[in-house]
Amino acid sequence: MSDNRPKVFVTRRLPDAVEARMGELFDVRLSGADEKLSRDQLIEAMREADVIVPCITDKIDAEMLDAAGGRLKLIANYGAGVDHIDVVGAHKRGVLVSNTPGVMTEDTADMAIGLILAVTRRMPEGLKFMQSGAWDGWAPTAFMGQRIGGKALGILGMGRIGRALARRATAFGMSVHYHNRTRLHPSTEKDYSAQWWDSLDQMLANVDVLSINCPHTPATFHLINERRLKLMKPTAVIVNTSRGEVIDENALTRALRREEIAGAGLDVFEHGSQVNPRLRELPNVVLLPHMGSATVEGRIEMGEKVLLNIYAFADGHRPPDMVVPDMI
């Protein structure tokens, strides 16, 4: 490694404080323009760097890892999810992968609650009406939504974010239900007043709000499909702050248009920035541009995790947030 410091390539603009610290610690090349890199640009970066710092917009597959050659030793992901990285392929080639878990838990749970309120209380419709200048005063039946107190929240994926959401939902007077790959310890269930459902189908039929909080894996791809959407109450709503691929977006759009479910709040989408245009037309849908972790504090803490992972690697140690295939 030149100059005894790892050469680090950062694919997107990061908070100023994070970039400044990277420049002090490492031989770093920062992204001048905050734009998604092409496949060829990513390969070139991996050929020239010891460490690459990608984010969710950067797809890194086995072919790219092969083309990168032997210099790259660490993929220090800026984000918790690593489904855009071939972790197994990297492991086979001796390339370490790290991520930034935990720091965005509270922010993402806040956003899930925000989406639940926005959809059930029809906030975007009210905002649009006010901005039109058409409002002429209060009316008894105008913009009536649904109360969330007393409603059942189903959490699909009871990890850090799911549990943080459960705490918030309880404060709003909701009952908490969850479906998870493994059941929580009974004492943990008691802490969150949470009811476990072994059957996802049965949980879907009994909840008023479904929150997606599981990662995207082959097992969760289109887990919420047309068949399962039909199990839900026509008054139910779905929010997703996790990964868009968990929901069959075309099936969701059809269900919303047919009023088979009441609404949806989406911060992530099946095809990334290519949002289904039919979703934009629906008044009962709230769409956000992947803002779940978008707080100043959260994004800086993500950067600090990246710095720690790279620093540990450069010092000859295992990155504290290393991701291995068994974790996927």
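**View 1. Helices α1 and α13 are roughly parallel to each other.** The model is predicted: local features need pLDDT of at least 70 and side-chain atom pairs count only at pLDDT 80 or more, whereas totals for chains, interfaces and linings use all residues. Residues are numbered from 1 along each chain as its sequence is written, and side-chain values use heavy atoms, without hydrogens and water. The axes of α1 (residues 16–25) and α13 (residues 296–314) cross at roughly 15° and come within 10 Å. This crossing of α1 and α13 is right-handed (near helix turned clockwise from the far one by less than a right angle). From α1, Val18, Arg21, Met22 and Leu25 make the contact (heavy atoms within 4.5 Å). The α13 side consists of Ile300, Gly303, Val306, Leu307, Ile310 and Tyr311. By class, the α1–α13 contact has eight nonpolar residues, one polar and one charged, with Gly counted as polar.

View 2. Angles under 35 degrees count as roughly parallel, over 145 as roughly antiparallel, 65 to 115 as roughly perpendicular and the rest as oblique. α5 passes α7 in a right-handed crossing. Thr105, Glu106, Thr108, Ala109, Asp110, Ala112 and Ile113 of α5 meet Arg160, Ile161, Ala164, Leu165, Arg167, Arg168 and Ala169 of α7. Seven nonpolar, two polar and five charged residues make up the contact of α5 with α7.

**View 3. The second largest pocket holds about 230 Å³ of space.** A pocket is an open set of points on a 1 Å grid where a 1.4 Å probe fits, with protein on both sides within 12 Å along at least five of seven lines; lining residues have an atom within 4 Å of a point. Its lining consists of Pro124, Glu125, Lys128, Leu279, Arg280, Glu281, Leu282, Pro283, Val285, Val286 and Leu287. Two or more lining residues come from each of α6 (123–132), α12 (277–280) and β12 (285–287). The lining of the second largest pocket has seven nonpolar and four charged residues, and no polar ones.

Key. Grid points are joined across faces, edges and corners, and a volume is the space filled by probe spheres set on the points. Helices (H or I, at least four residues) and strands (E, at least two) are DSSP runs, numbered from the N terminus. Axes are lines fitted to C-alpha atoms, for helices over the stretch in contact, and angles run from 0 to 180 degrees between N-to-C directions.
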